[in-house]
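I opened my notebook to go through this structure one look-up at a time. Here is what I wrote down.

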Amino acid sequence: MSEYLSTSKKKITTTHFQEMKKCGEKIAMLTAYDYTTAGIIDAAGIDSILVGDSAANVMAGYENTLPITVDEMIYHAKSVVRAISHALVICDMPFGSYQAGTEDALRNACRMMKETGVDALKLEGGCEIIDIVRRMVEIGIPVCGHLGLTPQSVHKFGGYGLRAKEENEANKLLMDATALDEAGCFAIVLEKVPAALASEVTRNVKCPTIGIGAGNGTDGQVLVYADALGMTQGFKPKFLRHFANVSEVMTAGVDNYVKAVKGLTFPEEKESY
């Protein structure tokens, strides 16, 4: 095991991602959207934190990621960055912030980097946004790609089903991954694609791949923290494992607090001034 998983490591960078792929060390990534949660996740030794546009679902209760704005993503990312001493922090560019063209994308990307202090930005899409990716990399912004199930295109896909099952879409994904790699992406997220295809992409690109619902052949894994820690209710897709049951612990804690207040056992004399 290399030193990257140790919280004694001052700061993980995009260069470390490349080194981890070369030495075969898997990259562990979780999302976070606020200071308190990010601090806990960072201290636990996570390699990378993604300030995902999934904040639209987890924090705001929207049905999809489309409504969240650049201003809202900046707020969440700034909150996360203040808590971090170890992990590489990546922020999603939200829907509408880069699809209108290169000039608009660069303006929003520069603003997000300047105002948040994140280490990198993530964009969904392949060859159709390759000029934007290339220009961002050229001006010094590290870019993480995202292929397969791209939630910002949920209406185009008609849902959140498995992507690239058919040969044509699988071939396009391979072409997109190669293009993103050649354009300078330091990593590519592969979401909800067949494991064999994700493994093939991983073998064919120089940059690390981060899977979610893409099998164990990728260079790392990412999950939404609220899903992985058992906070979300009624959401248990095949790729998700619960690594804790925070919802159960919080419910019991709130129940104990309510009983203590109503039973006049809190606060006690030692808890009063």
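**Entry 1: the pocket.** A reminder to myself: this is a predicted model. I began with what lines the largest pocket, and I got 14 nonpolar residues, nine polar ones and eight charged ones. That lining is made up of 31 residues. I also looked up who sits nearest the centre of the pocket, and the list is Ser-54, Asn-57, Glu-191, Val-224 and Phe-235. Which elements give two or more residues to the lining? I found helix H3 (55-58), strand E6 (187-191) and strand E8 (220-223). For the volume of this largest pocket I noted about 660 Å³.

**Entry 2: helix H2.** Next I went to helix H2, residues 35-43, and asked which of its residues are buried. They are Thr-37, Ala-38, Ile-41 and Asp-42. These residues span an arc of only 130° around the axis, so they sit on the same side of H2. On the face turned away from that buried side I found the exposed residues Thr-36, Ile-40 and Ala-43. Then I checked what covers the buried residues, and the cover includes E1, strand E2 (48-51), helix H4 (70-81) and helix H10 (225-228).

**Entry 3: Leu-30.** Is Leu-30 buried or exposed? Its relative accessibility is 17%, so I put it down as buried; the cut-off for buried is under 20%. Leaving out neighbours within four places in sequence, I listed the contacts of Leu-30, among them Ile-41, Ile-46, Ser-48, Val-222 and Tyr-225. Ala-228 is in contact with Leu-30 as well. Those two are 198 residues apart along the chain, yet I read 8.5 Å between their C-alpha atoms.

**Entry 4: cysteines.** How many disulfides does a search of the whole structure find? I got zero. I wanted to know why, so I looked at the sulfurs. A disulfide needs two cysteine sulfur atoms within 2.5 Å. For Cys-144 the closest cysteine sulfur is in Cys-185, and at 7.0 Å it is too far for a bond. For Cys-185 the closest one is in Cys-207, and 6.4 Å is too far for a bond too. I also checked burial: Cys-144 is buried because its relative accessibility is 0%, and Cys-185 is buried with a relative accessible area of 4%.

Entry 5: Ala-164 has one, near 60°. I found Ala-164 in the loop between helix H7 (154-157) and helix H8 (167-183), and it is buried, with a relative accessible area of 3%. Leu-264 also has a positive phi, about 65°, and is not a glycine. Leu-264 counts as exposed because its relative accessibility is 75%, and its place is the segment after H11. Pro-267 is in the segment after H11 too. I noted a cis peptide bond joining Phe-266 and Pro-267, with omega about -5°.

**Entry 6: Ser-247.** My last stop was helix H11 itself, residues 246-262, where I looked up Ser-247. Ser-247 is buried, since its relative accessibility is 18%. What does Ser-247 touch, not counting residues up to four places away in sequence? I wrote down Gly-230, Met-231 and Gln-233.

Conventions:
Residues numbered from 1 in each chain as written. Predicted model: local features only at pLDDT ≥ 70, side-chain atom pairs only at ≥ 80, totals over all residues. Heavy atoms only, no water. Buried < 20%, exposed > 50% of the residue type's maximum accessible area, 1.4 Å probe, protein only. Contact = heavy atoms within 4.5 Å. 1 Å grid on protein atoms, 1.4 Å probe; cavity = no way out; pocket = protein on both sides within 12 Å on 5 of 7 lines; lining within 4 Å. Points joined across faces, edges and corners; volume = space filled by probe spheres on them. Helix = DSSP H or I, 4+ residues; strand = E, 2+ residues; numbered from the N terminus. Nonpolar A, V, L, I, M, F, W, Y, C, P; charged D, E, K, R; others polar. Arc of directions from axis to C-beta.
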